[in-house]
Amino acid sequence: KKIFLEKAEKAFKSAHILFENGCYDNSTSRAYYAAFQVAIAVLAKFGFTNDGNDHKWVQSTFSRELIHRRKIFPRKFDSILSELFDRRVEADYSRTNISKKQANLQIKRANEFIETIKQVL
């Protein structure tokens, strides 16, 4: 669990550095991975692990177990991982670029998610 929190913090720091240097696609990607990795850490805290840490598994297990069943996190986080994931895919594989405004929004959303989870960790 601790290693994924450390990975999340480094990914989020990278997202900021990339954003400040105009690398909005890469910033968006790192913001997603920061949220993804902190989700893995909190899932592990509650006993949910998956060897591959598949993206869909993390997204669905976080939503099902920590939002709907245990009500640890607010419903507004229900789709945040999948939405951040979609922007990451767009950033990494689309023929268009993520704008500064879009990248900034992804960083803000990831930050709120990460800070909320860190209170539980």
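Q: What makes α2 oblique to α3 in this predicted model?
A: The axes of α2 and α3 cross at roughly 55 degrees and come within 10 Å. Axes are lines fitted to C-alpha atoms, for helices over the stretch in contact, with angles from 0 to 180 degrees between N-to-C directions. Under 35 degrees counts as roughly parallel, over 145 as roughly antiparallel, 65 to 115 as roughly perpendicular, and the rest as oblique. Therefore α2 is oblique to α3.

Q: Which residues make the contact of α2 with α3?
A: Among them are Tyr32, Phe36 and Ile40 of α2, and Trp57, Phe62 and Leu66 of α3. Contact means heavy atoms within 4.5 Å. By class, the contact has 11 nonpolar, 3 polar and no charged residues. Ala, Val, Leu, Ile, Met, Phe, Trp, Tyr, Cys and Pro count as nonpolar, Asp, Glu, Lys and Arg as charged, and the others, Gly among them, as polar.

Q: Why is Asn53 called buried?
A: Asn53 has a relative accessible area of 15%. Buried means under 20%, exposed over 50%, and partly exposed in between (1.4 Å probe, protein chains only). Asn53 is therefore buried.

Q: Why does Lys71 count as exposed?
A: Lys71 counts as exposed because its relative accessibility is 62%. Lys71 is in the loop between α3 and α4 (80–93), and its phi is positive, about 55 degrees.

Q: How are residues numbered, and what pLDDT do local features need?
A: Residues are numbered from 1 along each chain as its sequence is written. Local features need pLDDT of at least 70, side-chain atom pairs count only at pLDDT 80 or more, totals for chains, interfaces and linings use all residues, and side-chain values use heavy atoms, leaving out hydrogens and water.

Methods
Helices (H or I, at least four residues) and strands (E, at least two) are DSSP runs, numbered from the N terminus.
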